[in-house]
Every structure is written in C-alpha cells, then in structure tokens.
Amino acid sequence: MNLKEIIIIAKSLVANDKGLLAMDESNPTCNKRFAAAGIPQTEEFRRSYREMIITTPGLSECVNGLILYDETIRQKKKDGTLFIKAITDLGIIPGIKVDVGAKDLAGHNGEKITEGLDGLRDRLSEYFQMGARFAKWRAVITIGNGIPSRGCIEANANALARYAGLCQEAGLVPIVEPEVLMIGEHTLEHCFEVTEEVLRTVFRHLYLQRITLEGMILKPNMVLPGLTCPKQESVDAVADITVECLLRAVPAAVPGIAFLSGGQSGELASARLNAMNVRFKSRLPWALAFSFARAIQQPALEIWHGEESNVSAAQKALYHRANCNLFARRGEYIDKMERI
Ligand code: 13P
C-alpha cells in the first residue's frame, strides 16, 4: 500500500473545480432506468449507452473521475478499445462500484444493509490491476416511522469502514457513501438530525478501522426535506443546513465531499451545490464537489433513447449538466445557463 499515492489521487478527484460522474448503475438499476425511458434492456444497449457517455466531447473539462460497474469496466468501445483505457487516455481517473447492493437487514423491518465484503480483497486487487484507482460503496439509510435504528446505522457504518480499509490496502481511494434517502414526509430538520448521526457514526467507524482520512472522499446526501414533506425549502436554506451539518460531523482532514444527487432534478442539484460554494467555499476545510448519476445523466438518457442518431444531442445534454456543475463548484452557476 502506498498511502502517499492514495492521498494524491483523493486530492485529484476533487481538483480544479471538477467532480465525478457516477455511471455505475448495476444492471438491474440500469435496466429499470432504460425501461422507464422505453429503451431495450440488453447488454448491448447498456454498452452503447456507456460508450455515448465516455465519448462525450469535453467531458474531461468537467469531471476528474468516472465511476464504473463490473460489467462496464470489462466493456469496449465499438472500435475495440476497452472503456477503461479510453477513460484513462482522456486523463480521467476510473473508479469502480464494489458493493453488491443493499439487502434487507435481518430483524429491522424496512431497513437495509449493504453487502459485498466477502471476497472484496481479491476483487479490489483485480480492479486495481485493471486500472481502477478509486472505489465506491453505498449504504442506504431510510427515514420513516421509528427508523433509522441504531442497529442499522452502526452495521452500515461498520461495513463502510471495513470496505474503506480494504480499499486503502489495495491502493484504491474509497468513496464512502452513506445515503440518507429523500423518500418520505420528514422535514429538513429531521433529515439534518439523521444525517448528522449517520456521519458521526461513519467517522467513528472509519477511525476504529484506521482509515487515512486524507486518502478518502465522502459522498453524502444533501440535507433535504423528504420528497413528500409539505414544506419544501429554498435553495439557500438547503445550502446553509447542509454545510452546518457537514461542519459538525466531517473532519477537516478529508480532502473532498462529493454529493450524490439522490433523485433531485439536475437543475436543483446544481443550484444547491452552487449556493453552498457561493456562501461558504472560502471558509471550508474540504472541497464541496459532486458525484452525481441521475442529475447529470437523466436528460441525456431520455434524448438518446437507444438510437445512434441521437448520440450527438444526448452528449450535448450530458456535457451541459456536467458543465453546470463545474460552474456550481466555482459558485458561478446561474439560472440563465439552463436557457441557452
Ligand atoms: P444519484 O446521483 O443518481 O443519486 O447517484 C449517485 C450514486 O452514485 C448512487 O450510488
């Protein structure tokens, strides 16, 4: 393990106001999104969709890293070039999702535990050989009647920390993703309380497992009211409370925080990230970046619709969203960018 290199990669992932693009949907998740958009759910359609993404002109101006999935890291462009080579040739760092999904947590109705620790050391070593330099593991926390429970938060935090330790041992930067879901009627304040508790627990477990905080990236949810909460808050209110929560719970040694989008629209995700950077950037110990999947991909997916003739228009839409987030990192995103 070379910790110095891991620390350099972690910093590079959030350097130059760029962020990460998550294109690591598992096959079932990708198929679900394809089905909703009326696209056939086959390996070839998934491959050509991913080729459309990675060949987007200008993508490397906006993102430092791309998160792949096991199927994708083995796939090739039509011309025979491995995706991972094409990505590396662009100067983009390839990453890989390594959890195997959130499953029902025994004895905890309505709660999930993320699995994938068994055999992880060998899988990480294979991904490193293939050229991946960072990894991702997502834990899911649901807010609901009497949940989340301590048991669920602790179990997920422990798994995240064990995953992070194995990543650093293998030379990969761990992206640590504890996602408090937006689904529900809960208020902004309730999301704040749960997110703070989750983050504090995650960092306690990361400490216990001897994780080098300088060599990791945190991928949290923004603090948001539940989707069905009657009181939806302003962009600035979300920015303020999210930063307050992170300042309480995330050690200054962490180089970067790259938000997930979690089902927010692309425009709202950019506006909220922008507001955080406008209001706080010069006073924060860590970079506030993005690691969005849906908030960057969704318009492009709908335009592409599985058809070769739509590739160029879809790539323009993808670039647009990635570029909006580059501007949001600088605190220079404005509404008008959406109307050009
Ligand atoms: P969303 O931005 O669509 O929430 O996805 C981020 C991600 O990588 C989930 O693990």
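A pocket here is an open set of grid points with protein on both sides within 12 Å along at least five of seven lines. Keep in mind that the model is predicted.

**The pocket**

The largest pocket has a volume of about 770 Å³. Its lining counts 35 residues. Those nearest the centre of the pocket are Thr29, Arg33, Lys97, Lys136 and Arg138. What is the lining made of, by class? It has 14 nonpolar, 14 charged and seven polar residues.

**The ligand**

Where does the ligand sit? It sits in the largest pocket. The shell around the ligand holds 13 residues. Lys136, Lys219, Ser261, Gly262 and Arg294 are the closest. Lys136 is also among the residues nearest the centre of the pocket. Strands E6 and E10 each supply at least two residues of the shell. By class, the shell has six charged, four nonpolar and three polar residues.

| Residue | Protein atom | Distance to a ligand oxygen |
|---|---|---|
| Lysine 219 | N or O atom in the side chain | 2.6 Å |
| Arginine 294 | polar side-chain atom | 2.7 Å |
| Alanine 293 | polar backbone atom | 2.8 Å |

On its own, the ligand has 300 Å² of accessible area. The protein covers 93% of that area.

**The backbone**

Now turn to the backbone. Most peptide bonds are trans, and most residues other than glycine have a negative phi.

One is a cis peptide bond. It joins isoleucine 147 and proline 148, with omega about 15°. Proline 148 is found in the loop between E6 and helix H8 (150–170).

The others are residues with positive phi. Aspartate 17 is not a glycine, yet its phi is near 65°. Which loop holds aspartate 17? It is the loop between helix H1 (3–13) and strand E1 (19–22). Histidine 305 is not a glycine either, and its phi is about 55°. Histidine 305 lies in the loop between helix H12 (294–304) and helix H13 (311–330).

Definitions and conventions: Residues numbered from 1 in each chain as written. Predicted model: local features only at pLDDT ≥ 70, side-chain atom pairs only at ≥ 80, totals over all residues. Heavy atoms only, no water. 1 Å grid on protein atoms, 1.4 Å probe; cavity = no way out; pocket = protein on both sides within 12 Å on 5 of 7 lines; lining within 4 Å. Points joined across faces, edges and corners; volume = space filled by probe spheres on them. Nonpolar A, V, L, I, M, F, W, Y, C, P; charged D, E, K, R; others polar. Near = heavy atom within 4 Å. Polar contact = N/O pair within 3.5 Å; in protein donor to acceptor, adjacent residues only side chain to side chain. Areas by Shrake-Rupley, 256 points an atom, 1.4 Å probe, with all protein chains shown as cover. Sits in = over half its atoms within 2 Å of the grid points. Helix = DSSP H or I, 4+ residues; strand = E, 2+ residues; numbered from the N terminus.
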